[in-house]
Amino acid sequence: MYTRDGIRLDADIYRPDADGEFPVLLMRQPYGRAIASTVVYAHPSWYAAHGYIVVIQDVRGRGTSAGEFKLFAHEIADGEDAVNWAANLPGSNGAVGMYGFSYQGMTQLYAAAAKPSALKTICPAMIGYDLYADWAYEGGAFCLQNNLAWAIQLATETARLRGNKQAYQALLAASRNLPLDDAVPTHPEILNNLAPDSFYHEWLEHSQPDAYWQQLSPKTHMKDVDLPMFHIGGWFDSYLRGTLNLYKDMAMRSQYRQQLLVGPWTHLPWSRKVGEVDFGVNAISPVDRMQICWFDQFLKGINTGLLEQMPVWMFEIGSNTWQGFSCFPEYEHKSCFLSTQGITSIRKEEGIITTICPEIGVDDVLVHDPWRPVPSLGGHAAIPAGVFERSHIDCRADVLTYTSKPLDSDLHLAGDVVVAIVCSADKSSFDLCVVLSEVYPDGRVYNLTQGYLRCQDGMNRVTRKIQLQATCARITRGNALRLSLSAACFPAYAINPGNNSPFGMDAEIITLIVGCGGTSFSQVLLPVVAVS
């Protein structure tokens with residue numbers, strides 16, 4: 001096809017082995033259309049066999065499509081043109097749906113922003129709704145490892161398309177061993193020298209949520225978009241924030257069905273093994289068959305029974321089962337108090353787990369040394385992501401741990417987790433990394449969820465609120481909960497130098513004072529649900 005400004009975009013088209021007219025499923029992606037996101041989805045021929053024309057298109061400047069690739073810059077207009085073109089393909093009945101994850105999920109949002117009449121539904125998976133807060137930065141901190149890995153991946157493909165063999169080989173080697181040992185890891189020489197036009201440099205320059213991000217973010221362009229949407233996420237996906245923020249926004253204002261599925265998965269693959277833990281056969285992705293059911297309902301008008309089912313399905317870690325909800329669990333959180341001396345009791349109150357600090361406590365002190373930062377391990381922001389045994393990290397002197405007594409009954413959590421920490425530092429800026437884990441009687445510790453926050457008014461003793469990744473988990477009777485607190489999580493996030501110098505240059509030792517004495521308590525807010 002040709003865009004409105006004359007750029008040729010190439011696509012592969014898969015057709016049903018049958019006569020008649022069919023709806024079209026469109027995926028637009030930057031990685032070469034032959035892969036067709038088969039790392040997480042069935043091959044397009046499988047979808048075609050279910051009665052759909054399937055179109056896998058290379059976006060502008062990628063694969064064999066013409067034009068210049070610039071991250072997300074052309075996807076609204078090109079997406080609209082692609083939908084209109086697909087709707088008029090021979091054999092099309094004029095109805096188009098879109099699917100895909102990550103960049104392919106983003107192209108759905110941009111196309112929907114143009115509101116082409118032929119686009120009837122989308123299935124965005126693992127996306128950034130607010131590109132700054134949901135993708136590039138978390139809590140104001142640069143997501144170093146994921147951003148760097150992606151930038152090098154795209155730069156490697158760019159070098160291949162340009163026929164630059166030397167640059168391609170160097171970048172390919174860097175993709176398999178990220179240059180995190182450079183003098184300034186956020187400014188690796190290989191990207192500076194071989195990919196000066198990479199989006200990565202712009203993302204570093206725009207460290208605050210300014211007009212640059214507003215223009216790029218789907219959230220800016222989708223304020224009056226309303227379509228039935230099937231939202232797909234993973235508990236250990238780095239972009240779960242975006243998936244949930246889009247779902248919550250649409251569920252609040254949409255007149256159409258909004259369906260949410262969150263599995264125990266990382267960004268890829270969507271399988272039963274997540275990090276070091278095997279979640280069993282129930283964790284195998286049901287997305288392909290669920291999407292066929294979704295498209296049958298909204299593109300073919302078949303009553304699949306989908307509308308009679310719960311709209312929210314979340315995989316419960318621990319029981320390893322899927323739990324259905326009428327909406328994403330929302331609670332008015334109550335205060336929960338923790339101390340390094342241990343938690344004296346746990347009680348359930350209005351759907352919230354409440355933990356009580358001893359009456360007499362003292363402030364805790366944490367010293368962060370940038371020469372030996374606390375390493376990232378699993379969770380949603382590290383590579384590899386997922387669940388890992390982390391007791392060796394919790395034993396470090398620069399990690400504060402707060403552990404409950406063993407639970408006297410199973411505890412079911414579902415929803416958003418928030419930690420409020422009263423603290424200050426001896427430097428103008430510092431970071432807080434919070435990890436919530438399950439502790440087993442034999443001493444093993446497995447991460448459930450975590451969050452990160454960059455604090456700029458470091459010397460003021462105030463309450464800092466850290467939004468952790470949402471979760472759904474069963475904490476087994478006899479096990480305990482642990483909150484681990486540190487001032488770094490490297491290389492998942494860039495090191496905070498403490499002195500406002502750019503991204504780790506001349507980093508200094510930082511001393512944190514964490515309130516757990518007097519009336520200045522730190523709080524953990526956990527949503528408890530009843531599961532039958």
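This is a predicted model: local features need pLDDT of at least 70, side-chain atom pairs count only at pLDDT 80 or more; totals for chains, interfaces and linings use all residues.
I started with the surface: Ile35, Val39 and Leu268 make a nonpolar patch of about 230 Å². I looked up Ile35 and found it in the loop between strand E2 (22-29) and helix H1 (44-49). Ile35 counts as partly exposed, because its relative accessibility is 36%.

Ala36 sits in that loop between E2 and H1 too. I checked its backbone: phi is positive, about 50°, although Ala36 is not a glycine. Buried or exposed, then, for Ala36? Buried, since its relative accessibility is 0% and the cut-off for buried is under 20%.

I also looked for positive phi elsewhere and noted Asn320, with phi near 60° in a residue other than glycine. Asn320 lies in the loop between strand E12 (312-316) and strand E13 (321-325).

Back to the patch member Leu268. Its peptide bond to Pro269 is cis, with omega near -5°. I placed Pro269 in the loop between strand E9 (258-266) and strand E10 (273-274). Another cis bond joins Phe490 and Pro491, with omega about 10°. Pro491 is in the loop between E22 and strand E23 (510-514).

Next, aromatics. How many aromatic pairs does the structure hold? I get 33. I picked out Phe72 with Trp150: the ring centres are 6.3 Å apart and the planes make 35°, so I logged the pair as tilted. For the label, planes under 30 degrees apart would be stacked and over 60 edge-to-face. This pair links distant parts of the chain, 78 residues apart. Phe72 is in the loop between strand E3 (53-58) and helix H2 (75-87), and Trp150 is in helix H5 (residues 144-161). Phe72 is buried, at 3% relative accessibility. Trp150 is buried as well, with a relative accessible area of 7%.

I then searched for charges over rings. The charged end of Arg62 sits over the ring of Phe69, 4.5 Å from its centre. Arg444 lies over the face of Tyr440, and here the ring centre is at 4.6 Å.

Which residue in E22 is the bridge partner of Tyr402? I found Leu483.

Technical notes: Residues are numbered from 1 along each chain as its sequence is written. Side-chain values use heavy atoms; hydrogens and water are left out. Rings of Phe, Tyr and Trp (its six-membered ring) pair if their centres lie within 6.5 Å; planes under 30 degrees apart count as stacked, over 60 as edge-to-face and the rest as tilted. Helices (H or I, at least four residues) and strands (E, at least two) are DSSP runs, numbered from the N terminus. Buried means under 20% relative accessible area, exposed over 50%, partly exposed in between (1.4 Å probe, protein chains only). A charge sits over a ring if NZ of Lys or CZ of Arg is within 6 Å of the ring centre and within 35 degrees of the ring normal. Two strands pair if DSSP finds at least two bridges between them. Patches are made of residues with over 30% relative accessible area and no salt bridge: like charges are joined within 9 Å, nonpolar side chains (Val, Leu, Ile, Met, Phe, Trp, Tyr) within 5 Å. Accessible areas come from the Shrake-Rupley method with a 1.4 Å probe; for residues, only the protein chains shown count as cover. A salt bridge is a side-chain nitrogen of Lys or Arg within 4 Å of a carboxyl oxygen of Asp or Glu.
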